[in-house]
Amino acid sequence: MHALAHTPVASNEVPVILNGRAGGRSADAEALGAAFHDAGLEARINTFARGEEIRKLARRALRERPPVLVAAGGDGTVSAVADVVRGSGTALGVIPVGTLNHFARDLGIPLDPAEAARVIAAGRRVGVDVGEVNGRAFINNASLGLYADLVRKRKRQQRHLRRSKRMAMLWAALEVLDRSRLLDLRLELDERVQDRVQECRAPFVFVGNNDYVLEGFEIGRRERLNGGMLNVYTTRRSSAAGLFGLALRALFGRLRQADDFTESAVRSLRVESRRRRLLVATDGELHAFDTPLEFRIRPRALQVIVP
């Protein structure tokens, strides 16, 4: 990752947007404040419990033009704060206290909150890319079809049946795979791609902020976040058995040999549908967007504090 500069925090007070229920557990604001204090910083912690409050709190904190604004939570929290911070000159600090923490893992940010606080105090800024769909930023990926449906059912399981996020995801996956449906879409890729216009009948379209490792035991990781490309993945398989077979191919390093799996690296993507609106999962959060969907990469639009 290309470093823009070595920039320890200029002021010793840092605004923090904290998800009070990250990872399905109560995040401890007092312990987090102590971790920042031990790192030589004073944290001004703003705790939220509802997702719609994140951007409001982040915009309010950004008015003071702090050198760093910290997101303490999972990928959904980090993504929402990143959407506000990008392009502002303020760097994003990350305290990963979610369930999966993909963004932090890909950047080498420690998962221990105390160690992550020390990174924010003494780390460096790097410029990373941000994906965008209809103006909404995503730091990891955006997905239509299968995964969006999985997120919707997972949230319902959590809300109505009070299941943990991991258990709700398992039950949702079993339900979705048993009833997966095909999307009928028209994809317009940028001019770099030979077959620019593609008729797509598939159970999912997955758009990654940079290239994902798709094979072996590092599946779901990214080696870089500053390649300046969106990576688009889809397949024609729709049955549970077919999708399971695709997963096995990935595990044994043969996914890209499957003739019904396609991938493209693009700077922009337009998705057209007969439906007026489509459900899109961005960084694990659901949004209903008007069609067509306009995807773009914003190269190094976000500055992040990393080790």
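Let's start at Val304, which touches Leu92, Val94, Phe103, Leu107, Ile109, Arg124, Arg125, Val126 and Val128, leaving aside residues up to four places away in sequence. Keep in mind that you're looking at a predicted model. Val304 belongs to the largest nonpolar core, which has 49 residues. Within that core, the residues that touch the most other members are Phe36, Leu92, Ile95, Phe103, Leu302 and Val304. Helix 3 gives the most to this core, contributing 6 residues. Apart from this core there is another one, of 23 residues, with Val133, Leu189, Cys200 and Leu278 among them. As background, nonpolar side chains tend to be buried together in soluble globular proteins.

Helix 3 deserves a visit of its own. The helix covers residues 75-85, and 11 of its 11 residues are buried, so helix 3 is largely enclosed by the rest of the structure. After the helix comes Gly87, whose phi is positive, near 75 degrees.Zoom in on Ser79, which sits in helix 3. Is Ser79 buried or exposed? Its relative accessibility is 5%, so Ser79 counts as buried; the cut-off for that label is under 20%. What does the side chain of Ser79 make a polar contact with? The partner is the side chain of Asp283, at 2.5 Å. Beyond Asp283, Ser79 also touches Ala137, Phe138 and Ile139, again not counting residues up to four places away in sequence.

Now for the charged side chains. Side chains of opposite charge can pair when their charged atoms come close. How many salt bridges does a search of the whole structure find? The search turns up 17. One of them joins the side chains of Asp106 and Arg221, at 3.4 Å from N to O. Asp106 is in helix 4 (residues 102-107), while Arg221 is in the loop between strand 11 (204-209) and strand 12 (230-235), so this pair ties together parts that lie 115 residues apart in sequence.

Next, take Glu294 and Arg270, a salt bridge whose closest N and O atoms are 2.3 Å apart. This pair links distant parts of the chain, with Glu294 in strand 17 (residues 293-306) and Arg270 in strand 14 (residues 268-273), 24 residues apart. Glu294 is partly exposed, with a relative accessible area of 24%, and Arg270 is partly exposed too, with 28%. Both residues also belong to a network of salt bridges that links Arg186, Glu188, Glu199, Arg270, Glu272, Glu294 and Arg296.

Asp290 is in strand 16 (residues 285-290) and Arg277 is in strand 15 (residues 277-282), 13 residues apart, so to speak a link between distant parts of the chain. At 41% relative accessibility, Asp290 counts as partly exposed, and Arg277, at 41%, counts as partly exposed as well.

Methods. Residues numbered from 1 in each chain as written. Predicted model: local features only at pLDDT ≥ 70, side-chain atom pairs only at ≥ 80, totals over all residues. Heavy atoms only, no water. Helix = DSSP H or I, 4+ residues; strand = E, 2+ residues; numbered from the N terminus. Buried < 20%, exposed > 50% of the residue type's maximum accessible area, 1.4 Å probe, protein only. Polar contact = N/O pair within 3.5 Å; in protein donor to acceptor, adjacent residues only side chain to side chain. Contact = heavy atoms within 4.5 Å. Core = buried A, V, L, I, M, F, W, Y, C linked by side-chain atoms within 4.5 Å. Salt bridge = Lys/Arg side-chain N within 4 Å of Asp/Glu carboxyl O.
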